[in-house]
Amino acid sequence: MASSENKQIIELHPEKPDQGEIRYTYSATPKASSFVVPQNFLTKIFGICLGVGLLVFFVFFFVYVVIPVVAVVLLVAFVRNLSRKT
């Protein structure tokens with residue numbers, strides 16, 4: 001059973017002078033190739049990769065930048081506080 005969506009409409013246009021040739025055009029859209037990935041699927045994959053990448057970036061940024069800066073500031077404050085008391 002073919003649904004009405006799969007049917008193609010053919011428009012016939014006679015030529016002058018008529019030499020027995022029939023020229024036709026398809027008014028339906030051509031079928032897509034068999035290897036077509038839905039756009040929604042690609043968007044989901046891109047979103048997942050972007051989310052994982054940002055998570056990894058923020059984890060490494062926090063571990064290698066924020067924690068050492070906070071540790072240096074605390075050490076400087078601790079050393080100043082020790083030198084102030086003596």
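By how many residues are F60 and Y64 separated in helix α1? Being 4 residues apart in helix α1, F60 and Y64 are separated by about one helical turn.

**View 1. Overall fold of the predicted chain.** This is a predicted model, in which local features need pLDDT of at least 70 and side-chain atom pairs count only at pLDDT 80 or more, whereas totals for chains, interfaces and linings use all residues. Residues are numbered from 1 along each chain as its sequence is written, and side-chain values use heavy atoms, with hydrogens and water left out. The chain holds 1 helix and 2 strands, arranged from the N terminus as β-β-α, where helices (H or I, at least four residues) and strands (E, at least two) are DSSP runs numbered from the N terminus.

**View 2. Confidence along the chain.** The mean pLDDT (the predictor's confidence in each residue, from 0 to 100) of the chain is 78, and 55% of the residues score at least 70.

**View 3. Surface of the chain.** Of the 86 residues, 0% count as buried, a class that means under 20% relative accessible area, with exposed over 50% and partly exposed in between (1.4 Å probe, protein chains only). The accessible surface comes to about 8,600 Å², of which 69% belongs to carbon and sulfur atoms.

**View 4. Aromatic rings.** The whole structure contains 3 aromatic pairs, counted when ring centres of Phe, Tyr or Trp (its six-membered ring) lie within 6.5 Å, with planes under 30 degrees apart taken as stacked, over 60 as edge-to-face and the rest as tilted. The F60 and Y64 pair is stacked because the ring centres lie 5.9 Å apart and the planes meet at 5°. F60 is partly exposed at 47% relative accessibility, while Y64 is exposed at 58%. Ring pairs also link F57, F58 and F61 into a cluster.

Note on methods:
Areas by Shrake-Rupley, 256 points an atom, 1.4 Å probe, with all protein chains shown as cover.
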